[in-house]
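Reader: I'd like to go through this model with you, a few questions at a time. Can we start once it's on screen?

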Amino acid sequence: MTNSEKLSQKNPKSQIERVIETLKNDLPTLFENDISYDIYTKDIYFQDPVNRFKGKFNYRIIFWTLRFHARLFFTEIYFDLHEVNQPDPDTIKAYWTVRGTLRVPWKAQLFFNGDSTYKLTEEGLIYDHLDRWDRKPREILKQFLPQ
């Protein structure tokens with residue numbers, strides 16, 4: 001029996017709905033407010049184009065770092081959440097855009113799209129979080145230069 005089959009048998013729909021609702025509430029304000037960590041396993045694995053690590057402590061640090069750098073380097077920054085869905089019993093997907101104005105005299109604009117794939121345990125907790133961006137990190141950084 002696959003993890004997906006076990007998840008759909010063991011896990012009440014309400015747990016997955018709770019995870020989806022938590023993501024919908026947390027993600028749009030992640031640059032201002034801390035997220036809820038009770039929907040993640042203690043050994044959560046995270047990967048994006050510039051980071052890769054394991055453990056809830058490190059996961060907390062990455063979100064603290066995002067908030068810190070958002071306040072330090074941007075006059076305004078937004079995480080626009082477009083959609084959260086469940087394509088498979090053990091997978092949740094989120095589609096989003098990050099946009100903001102850099103705290104520099106030429107007011108450089110940051111903009112990129114991405115998606116997050118969250119994998120669920122049989123109990124409906126997120127154990128894997130993979131972020132993909134629509135361009136390479138160096139292309140995103142080029143947006144910071146004067147035009």
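**Surface, pocket and salt bridges**

Author: Trp64, Phe68, Leu72 and Phe73 make up a nonpolar patch on the surface, with about 420 Å² of accessible area together. For such a patch, residues need over 30% relative accessible area and no salt bridge, with nonpolar side chains (Val, Leu, Ile, Met, Phe, Trp, Tyr) joined within 5 Å; the areas come from the Shrake-Rupley method with a 1.4 Å probe, and only the protein chains shown count as cover for residues. Bear in mind that this is a predicted model, where local features need pLDDT of at least 70, side-chain atom pairs count only at pLDDT 80 or more, and totals for chains, interfaces and linings use all residues. Residues are numbered from 1 along each chain as its sequence is written, and side-chain values use heavy atoms, with hydrogens and water left out.

Reader: Is Phe68 buried, partly exposed or exposed?

Author: Phe68 sits in helix H3 (helices are DSSP runs of H or I, at least four residues, and strands are runs of E, at least two, numbered from the N terminus). Buried means under 20% relative accessible area, exposed over 50%, and partly exposed in between, with a 1.4 Å probe and protein chains only. Phe68 has a relative accessible area of 39%, so the label is partly exposed.

Reader: Which element gives the largest share of the lining of the largest pocket?

Author: The largest share, 7 residues, comes from H3.

Reader: Which residue does Arg67 meet in a salt bridge?

Author: A salt bridge is a side-chain nitrogen of Lys or Arg within 4 Å of a carboxyl oxygen of Asp or Glu. At 3.2 Å, N to O, its side chain meets that of Asp34.

Reader: How far apart in sequence are Asp80 and Arg99?

Author: The side chains of Asp80 and Arg99 form a salt bridge at 2.4 Å, N to O. Asp80 is in strand E3 and Arg99 in strand E4, so the pair ties together parts whose separation in sequence is 19 residues.

Methods. Patch = residues over 30% accessible without salt bridge, like charges linked within 9 Å, V, L, I, M, F, W, Y side chains within 5 Å.
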